[in-house]
Amino acid sequence: MSNGTIPEGSKPVGAVWRPVRDLHSSLHGFSHAGARQAAARWREIRGALENPEIDRSSMDLWLLSQKRAFAIETGQIEGLYLLRRGVTETLIAEGFEGVRGAHSATSVDDDTLKGLLQDQEAALEMLFAHIRDERPPAFSALREWHALMTRH
């Protein structure tokens, strides 16, 4: 709620959510056959993409568009802004430099909207770096990530 109160009948997150503890040993390493196949295929494709002799330009353009899509959708899910219909595709294709107030269905000024979108991209890069560095998941990392996503 916007006034910061907890709706009547609601429970605080800590009263509902609990981390998994004492997972039965027979469930360690469990995975679905399809997930194992997808992981194996991903490792194969990833190995091919690491070949320095292949042209990565198409892949790099696709990845850039996916990062922009992540940025846009994350901000909307977080309720930071609401973009007008059809704007998402334009911003994915053209980037965030052309952000105009007419893009937002809410009263977010151009600089703030552009900053929010750039924050979302930076948060994704932070997440990728976390995974690349094989850092274990931690609440502090999640808090850093969320702080970056909502910086503007």
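Predicted model: local features only at pLDDT ≥ 70, side-chain atom pairs only at ≥ 80, totals over all residues.
**Entry 1: the α3/α4 contact**

From α3, Ser65, Arg68, Ala69, Ile72, Glu73 and Gln76 meet Thr88, Leu91, Ile92, Ala93 and Glu94 of α4. Contact here means heavy atoms within 4.5 Å. By class, I noted 5 nonpolar, 3 polar and 3 charged residues in the contact of α3 with α4. Nonpolar covers Ala, Val, Leu, Ile, Met, Phe, Trp, Tyr, Cys and Pro; charged covers Asp, Glu, Lys and Arg; the others, Gly among them, are polar.

Next I took the geometry. The axes of α3 (residues 57-77) and α4 (residues 87-94) come within 8 Å and cross at roughly 140°. Axes are lines fitted to C-alpha atoms, for helices over the stretch in contact, with angles from 0 to 180 degrees between N-to-C directions. I therefore put α3 and α4 down as oblique to each other. Angles under 35 degrees are roughly parallel, over 145 roughly antiparallel, 65 to 115 roughly perpendicular, and the rest oblique.

**Entry 2: ground rules**

I number residues from 1 along each chain as its sequence is written. Local features need pLDDT of at least 70, side-chain atom pairs count only at pLDDT 80 or more, totals for chains, interfaces and linings use all residues, and side-chain values use heavy atoms, leaving out hydrogens and water.

**Entry 3: the chain**

I found 6 helices and 0 strands. These are DSSP runs, H or I of at least four residues for helices and E of at least two for strands, numbered from the N terminus. Of the 152 residues, 20% are buried. Buried is under 20% relative accessible area, exposed over 50%, partly exposed in between (1.4 Å probe, protein chains only).

**Entry 4: the core**

I listed the largest nonpolar core, which has 12 residues, including Ile72, Leu91, Val108 and Leu116. Such a core is a set of buried Ala, Val, Leu, Ile, Met, Phe, Trp, Tyr and Cys residues joined through side-chain atoms within 4.5 Å. Helices α3, α4 and α5 (110-132) each supply at least two residues of this core. The largest share, 3 residues, comes from α5. Setting aside neighbours within four places in sequence, I see Val108 in contact with Leu80, Tyr81, Leu113 and Leu116.

**Entry 5: two single residues**

I checked Gln120, in helix α5. At 0% relative accessibility, Gln120 is buried. Beyond four places in sequence, Gln120 touches Phe70, Ala71, Thr74, Gly75, Leu80, Tyr81 and Met149.

I then checked Ile54, in the loop between α2 (33-49) and α3. At 34% relative accessibility, Ile54 is partly exposed.
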